[in-house]
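Let us take a walk through a structure together, one step at a time. Keep the picture beside you as you read.

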Amino acid sequence: MLRRKRILVLLVPALVLYLALFLFPAVQSLWVSLHEWTGFTAKMKWVGLANYRELLHDELFWMSLLTTLKVLFIGGVLIFFFAFLFTFFLQAGVRGRKFFRAVIFYPNVVAPIALATFWGFLYNPRFGLINGLLRSLGLESLTQTWTGPDLIFGSVLVSLVWTYVGFFLVIFSSGADKIPEDYYDAAKIAGANRLQMFFHVTIPLTWDVLMVAVVLWIITAIKLFEFLFAFSGGIAAPKPLWTNAVYMFVLSFGKRVAIFRLGYGTTVAVTMLVLIIAFTGAARFAMRRERVEF
Amino acid sequence: MGRIQRTLLIVLLVLLAAAMGFAQSPVKLVYLSKWNTGEKTQEIINDAINEYMKDNPNVTIEPIWAGREANVKLMAMVNGGTPPDFYDEDPALIENSVGKSGLMVDLTPLLKNTKAWDQDKKVWDCFSKGFFEPWTYRGQVNCMPIQQYLTVVWYNKTMFKTLGITKTPDTWPQFLDVCEKIKKAGIAPIGLDGGVDFYNLYYFSHLADRITGMNGLKKAIYDKSGNSWDDPGFLKAATLVREMRDKGYFIKGFEGYQFPAGQIDWAQGKAAMLLIHTYMPIEVKDNLPDGFVFGSFPFPSVPGGKGKQYDLTSIVGGVGIMKTTKDVNVAFDFMKRLASKKVQTRFAQEALNVPVIVDVALPDIFADLAAIMKKQTGTFTDYSGGPGQFEPEFAQAIMYPLVDQLMFGKISPADFIKQVKTKAVDYWKKKG
């Protein structure tokens, strides 16, 4: 009993910080979303649920929500597929495992703005590396306007996958590294091949790690902003790249064409929070398993 | 020394100290700027601040070089109870943020009654007649412009000479002829960063104003009934834009050009002309090939149109004073230096800005521009983004997406006008 009380006392500072830095702003955001507010005045104008009603008929909101969901699901599937694939190969005893892992992780240590600029150059229709490579191989007919309205989302998605695979690879690998060799030895004796060992030993024993990774990706995808915004040279992200986070920024602060509707922008932010809670809750529910201890 | 004399001396010394203290009472002002450290304009403003502090030791001006997200910084400062004294931004952005909220000092009386720093006239009179009209909101001047950016068509004179183009086009048919000639020479007639939606609006907005009259597009945007969009001039403007696209006058793949790729390609001779503000030369100056000579001409007139060839559109950058300033007179005393001949000359020569006051020489690369400005028949609000927009939500929700679709060949000119009208009516209904 005394021990429990001590633990509770020790938890108080963290709880206070959590309430002050997360819960209070979240509740305040909900309050702001019920107002019309430029963000520059002491008083906000109460509009009740009008901002939420406006969202229902706001084409840009639905367009940006669709883009957010495409990033979340299509991007998520691709990132996890490649992260698993690389984990499989690296766990299979490739020489220089740490080196390859560091190389694949590398994009995560570079600022998103620098990455966006780098990919912008790769995709440039005239002097970009991709079209240049196709031309040098005599495949002029395959050159595309990669960052044109029809292809820009797919092009940016490829660069996002390239960026984030390394992050999730490191998470999966760190989980897989903790699995005792005995399990693999036993699987080998039982006649399992590497693929079977991956699916029947590695994945089940890293299930908790996988669940954390899914939650992290949901949060990352729904909040994704800098990379997309920077892709246009930082002036005005093309509309196919507008996620909810970009739209919220445009509504609230903007850059060169600023709208200053902080109340309405906060409404979009609240929907993002709801999305995060809903998707993480759903993911945790769908992925619940009996805990495997080893 | 007698007691009375001693007392008098002490009183005198106290009074003197008090007077000195009063005269020298320290004032600290904060200057929030949209410029980044290292930009030429920032360096010039910083020099002006340092010179002012040297001349006025009791005044400290603390600059905050916040870059183009200065509005985000401003919001945090205002809400944190520490607003700056100066806000350096585009007048439209100032109006849409702190102007409408009633937080800015109306500069009109200060501009009209204060003597200029290095000229024997009032600050107001240093600007050309009517200069402040486009930047007056609700009868109030929130900010004093210090840089000006006119919109013209840029070209490389050397390239035009090589192509045998001896005269720049005055009218739209002449412009199309020039485009055709350039295209036949294997060069893209027009460079464009199509990834920037407000750059894509440039051709439609200029054509619309040349046809329906200057600021005709602005009037249509504010027409709550939407009837203005029935003016055939707008359909004609959209049709001419579409014709340019269909004839392949924009650089191949312009839809995918992300800033600044398009203007760099133009500078390197991959495209012949570029419709953009006068801030462009300083952005491309490090990418120019040998023999490049800047040339410019005003957007051509359209036969039968109401807008004139020398009616120019412009955006400006300026400085305003917030009402919470510690000392409005000291603040303006500093600010007027930014509109002085000395500082404006530096802006022109070093930062390649068009001066806001009269009688300041333009740099050599603006030789054509100087000639254009001599014939200038009016200055009008620019539509196409720039640092500010008079109706930003309309632009983001309606004009930019639809102009993109028109420029990218996704919708016809008739569909474009129809959709703009329908959405404009809905927009204003929503706004009440």
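**A guided look at chain B**

Let us start at a pair of strands. In this predicted model, strand E6 (residues 144–156) of chain B runs antiparallel to strand E10 (residues 311–321) of chain B, and six bridges join E6(B) to E10(B). To find the spot on screen, look for B:Gln147, which stands opposite B:Gly317 in E10(B).

With strand E8 (residues 271–277) of chain B, E6(B) pairs in the antiparallel sense over five bridges. Strand E9 (residues 294–297) of chain B is also antiparallel to E6(B), and four bridges join E9(B) to E6(B). One residue to look for here is B:Tyr155: its bridge partner in E8(B) is B:Met273, and its bridge partner in E9(B) is B:Gly295.

Is E6(B) buried or exposed? Of its 13 residues, 13 are buried, so E6(B) is largely enclosed by the rest of the structure.

Along the principal axes, the C-alpha atoms of chain B fill a box of roughly 100 × 55 × 35 Å. Of the 432 residues in chain B, 48% count as buried. Among the contacts in chain B with a separation of 6 or more, 75% are between residues 24 or more positions apart.

Next, turn to two helices. Two packed helices are described by the angle between their axes and the distance between the axes. The axes of helix H2 (residues 40–55) of chain B and helix H15 (residues 341–351) of chain B come within 10 Å and cross at roughly 155 degrees. An angle over 145 degrees counts as roughly antiparallel, and therefore H2(B) and H15(B) are roughly antiparallel to each other. The crossing of H2(B) with H15(B) is right-handed. On the H2(B) side, the contact is made by B:Lys40, B:Thr41, B:Ile44 and B:Ala48, while H15(B) brings B:Val343, B:Arg346, B:Phe347, B:Glu350 and B:Ala351. By class, the residues of this contact are five nonpolar, one polar and three charged.

Finally, see where chain B meets chain A. The contact takes 39 residues from chain B and 31 residues from chain A. Which element gives the most to the side of chain B that touches chain A? That is H17(B), with seven residues. Helix H17 (392–407) is one of the elements of chain B that give two or more residues to this side, and helix H9 (197–212) is another. By class, this side of chain B has 18 nonpolar, 12 polar and nine charged residues.

Note on methods:
Residues are numbered from 1 along each chain as its sequence is written. Chains are lettered from A and ligands numbered from 1 in the order in which they are written. This is a predicted model: local features need pLDDT of at least 70, side-chain atom pairs count only at pLDDT 80 or more; totals for chains, interfaces and linings use all residues. Two residues are in contact if their C-beta atoms, placed from the backbone, lie within 7 Å. Ala, Val, Leu, Ile, Met, Phe, Trp, Tyr, Cys and Pro count as nonpolar, Asp, Glu, Lys and Arg as charged, and the others, Gly among them, as polar. A residue is buried if 20 or more other C-beta atoms lie within 10 Å of its own, exposed if 12 or fewer, and partly exposed in between; C-beta atoms are placed from the backbone. Two strands pair if DSSP finds at least two bridges between them. Axes are lines fitted to C-alpha atoms, for helices over the stretch in contact, and angles run from 0 to 180 degrees between N-to-C directions. Angles under 35 degrees count as roughly parallel, over 145 as roughly antiparallel, 65 to 115 as roughly perpendicular and the rest as oblique. A crossing is left-handed if the near helix is turned anticlockwise from the far one by less than a right angle, and right-handed if clockwise.
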